[in-house]
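Here are my notes on this one, in the order I'd go through them with you. Have the viewer open as you read.

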Amino acid sequence: MAGYGGYGGGDGGGFMSGSQQGGSQAGGSKYADESLRPVTIKQLLDWEETFPGAELAIDGHPVTQVTIVGQVRSVKPQPTNITYRIDDGTGAIDVKKWVDSEAQGGEDGGSGAGTIAPDAFVRVWGRLKSLGGKKHVSANFIRQIEDFNEVNYHLLEATYVHLFFTKGAPGSGGGAKQEGGGGDNMFVDQGYGAGGGDVAMGGAGPGGGNSAMQARLATCSRNAQIMCNFINNSPGGTEGVNLHVIAQGTRMSVRDITNAADELLGQGIIYTTQDDETWAILDY
C-alpha cells in the first residue's frame with residue numbers, strides 16, 4: 001500500500017505512493033520500508049501488543065510511524081522530555097517529545113516551536129511505544145495547528161486510509177474487507193448519506209435484530225438516520241460518541257446533529273452517556 005507523505009507542505013502531508021518522504025535515516029533498505037499513516041488515537045489504543053516489541057499493525061497492515069491530530073489537554077515539562085496529553089475526540093494518549101540539549105532551534109528538541117500551551121490543536125508525527133503496558137507516542141516532530149480545517153482534513157484522510165485497507169480501493173467492489181465486519185472500526189465503517197434512497201442500517205442496526213427499533217428509526221428524518229448509522233458503527237460502545245466527532249465524521253452541522261439527537265432520544269433509540277453531547281445506541 002502507498003505510504004503517507006511526510007512533513008512538508010502546508011497541509012501537513014498527503015497520501016502518496018512509495019516510501020515515507022522527508023527526514024533522513026541511516027540504512028537504505030530499512031528506510032524503504034518506512035511508512036507514515038494518519039490514524040485516530042482510538043486505533044492506537046485498540047492495538048494489542050501480542051509480545052514485547054511487536055510491530056504495530058492497523059487493519060492488518062504494519063505501520064512504522066503514525067501522525068495524529070488533536071487538542072492538548074495537559075503539558076508536563078520534565079528534564080528529559082515534554083509530555084503532552086492529546087485528545088482527538090476518539091481517545092486520549094500521552095505524546096512524549098524528548099529534549100535534546102544539543103539540538104538547535106527550540107526547547108522541544110529542535111522543532112523550533114517551544115512548549116505548546118494547553119488547549120492548542122497540534123499535529124504529531126512519531127512512533128507508538130509501550131512502557132509497562134501503557135502506550136504513548138514518541139514524537140519525532142510536533143507543531144501547532146493554525147487552520148482548524150487541518151483537523152477535519154486529518155480525520156477524513158484517516159477514514160479514507162482505514163476504508164482502503166478494510167473495504168478495498170474505490171471502485172474495486174471491496175476485496176479487502178476484514179473478517180468480523182466492523183468490530184474494530186476507527187470510528188466509521190460504512191458510508192454516510194452516500195447515494196440516494198434510505199440510509200440502510202444493514203444487518204448491524206441498533207439493537208441488532210430489534211425490528212421495533214428499526215421501525216422507529218424508519219420514521220425519523222434522514223439526518224437522524226445518518227447520525228444513528230454513524231454512532232452504531234463507531235467504536236465508542238457504551239461510552240458513546242461525542243457531538244464533535246459525529247460532526248467531523250458525517251459533515252453535518254452542530255444544529256442538524258442536535259435536532260437529529262432530539263429525534264432519536266424521543267424515539268428511545270439513543271441515550272446520553274458522559275454528557276449531554278455524547279450519545280450511544282440503546283441496547284448497543
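**Notes on the model**

1. Let's start with a histidine. Leaving out residues up to four places away in sequence, H136 touches I93, D94, K96, R127, L128 and K129. H136 is found in strand β8, and with a relative accessibility of 10% it counts as buried. The cut-off for that label is under 20% relative accessible area, so H136 qualifies at its 10%.

2. A word on confidence before going further. This is a predicted model, with a mean pLDDT of 73 for the protein chain and 65% of its residues at 70 or more. Among the elements, β5 has the highest mean pLDDT, 94, while helix α1 (residues 28-32) has the lowest, 44.

3. Which stretches would I treat with care? Over residues 1-32 the pLDDT stays under 50, although the model has 68 contacts beyond four places in sequence for them. Residues 175-184 are also below 50, and that stretch has 13 contacts beyond near neighbours in sequence. Where pLDDT is low, the predicted coordinates should not be read in detail.

4. Now for β5 itself. Is this strand enclosed or open? Five of its seven residues are buried, so β5 is largely enclosed by the rest of the structure.

5. On one pairing, β4 and β5 run antiparallel and are joined by six bridges; P77 has I82 in β5 as its bridge partner. The hairpin that joins β4 to β5 goes through three residues.

6. β5 also pairs with β6, again in the antiparallel sense, over seven bridges. Here T83 stands opposite K96 in β6, and K96 is one of the residues that H136 touches. β5 and β6 form a hairpin with four residues between them, and G89 in the turn has a positive phi of about 95 degrees.

7. Next, the packing. In soluble globular proteins, nonpolar side chains tend to be buried together. The largest nonpolar core here has 24 residues, and L44, I68 and V95 touch the most other members. At least two residues of this core come from each of α2 (41-46), β4 (65-77), β5 (81-87), β6 (92-98), β7 (121-131) and β8 (134-144).

8. What does L44 touch, leaving aside neighbours within four places in sequence? Its contacts are V39, L56, I58, V66, I68, I93, L128, K135 and V137.

9. The buried ones are A224, Q225, I226, M227, C228, N229, F230, I231 and N232.

10. Finally, the cysteines. How many disulfides does a search of the whole structure find? The count is zero. A disulfide would need the two sulfur atoms within 2.5 Å.

Conventions
Residues are numbered from 1 along each chain as its sequence is written. This is a predicted model: local features need pLDDT of at least 70, side-chain atom pairs count only at pLDDT 80 or more; totals for chains, interfaces and linings use all residues. Side-chain values use heavy atoms; hydrogens and water are left out. A nonpolar core is a set of buried Ala, Val, Leu, Ile, Met, Phe, Trp, Tyr and Cys residues joined through side-chain atoms within 4.5 Å. Buried means under 20% relative accessible area, exposed over 50%, partly exposed in between (1.4 Å probe, protein chains only). Contact means heavy atoms within 4.5 Å. pLDDT is the predictor's confidence in each residue, from 0 to 100. Two strands pair if DSSP finds at least two bridges between them.
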